Amino acid sequence: MLQDKLDLGALIGTGVAELAMRIVAALLILVIGLWLAKLIVKLVKKNRAIQKLAPEVQTFFASAVKVLLYALVIMMAVTTVGVPTASILAVLGSCGLAVGL
């Protein structure tokens with residue numbers, strides 16, 4: 001009886017440690033990914049080909065790149081934790097369809 005409780009405790013402890021490591025990895029992905037996304041957006045804004053466009057188009061293009069990169073980084077972090085991404089992608093697709101209509 002006592003051995004069963006110890007085994008259960010070890011199993012729970014292992015599961016908690018694994019989840020903690022996944023969360024730490026997801027936070028690292030989030031921090032580094034958002035930093036890289038900001039850097040890429042700055043590089044896009046300074047691109048000479050983009051600077052030849054109208055200011056409104058420059059702003060739109062930089063915002064679109066920013067949103068796409070942020071969404072990609074968040075999806076990577078969520079996947080690392082272990083959340084199934086199919087439902088999240090379905091919701092994002094529905095939102096995109098709603099905005100498009």
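Modeller: The protein has 4 helices and 0 strands. Read along the sequence, the pattern is α-α-α-α. Keep in mind that this is a predicted model. Let us take helix α1, which covers residues 2-46.

Start with the side of the story that faces outward. Trp35 is found in helix α1. Is Trp35 buried or exposed? Its relative accessibility is 56%, and exposed means over 50%, so Trp35 counts as exposed. Val31 is also found in helix α1. Val31 has a relative accessible area of 57%, so the over 50% cut-off makes Val31 exposed too.

For the protein overall, the accessible surface comes to about 7900 Å². Carbon and sulfur atoms account for 76% of that surface.

Now turn to the core. The largest nonpolar core has 6 residues: Ala37, Val41, Val44, Ile50, Val65 and Leu69. Two elements, α1 and α3 (55-81), each give two or more residues to this core. The largest share is 3 residues, and it comes from α1. As for burial in general, 12% of the 101 residues count as buried.

Leave aside its neighbours within four places in sequence, and Ala37 is in contact with Leu69 and Tyr70. Tyr70 can also be placed relative to Trp35. They are 35 residues apart along the chain, yet their C-alpha atoms are separated by 9.9 Å. Contacts across the sequence can be counted for the protein too. Among contacts between residues at least 6 apart in sequence, 61% join residues at least 24 apart.

Last, look at charge. Side chains of opposite charge can pair when their charged atoms come close. A search of the whole structure finds 1 salt bridge. Arg22 forms a salt bridge with Glu18, and the closest N and O atoms are 3.2 Å apart. Both residues lie in helix α1. They are 4 residues apart, about one turn of the helix. How exposed are the two partners? Arg22 has 36% relative accessibility, so Arg22 counts as partly exposed. Glu18 has a relative accessible area of 43%, so Glu18 is partly exposed as well.

Definitions and conventions
Residues are numbered from 1 along each chain as its sequence is written. This is a predicted model: local features need pLDDT of at least 70, side-chain atom pairs count only at pLDDT 80 or more; totals for chains, interfaces and linings use all residues. Side-chain values use heavy atoms; hydrogens and water are left out. Buried means under 20% relative accessible area, exposed over 50%, partly exposed in between (1.4 Å probe, protein chains only). A nonpolar core is a set of buried Ala, Val, Leu, Ile, Met, Phe, Trp, Tyr and Cys residues joined through side-chain atoms within 4.5 Å. Contact means heavy atoms within 4.5 Å. A salt bridge is a side-chain nitrogen of Lys or Arg within 4 Å of a carboxyl oxygen of Asp or Glu. Accessible areas come from the Shrake-Rupley method with a 1.4 Å probe; for residues, only the protein chains shown count as cover.
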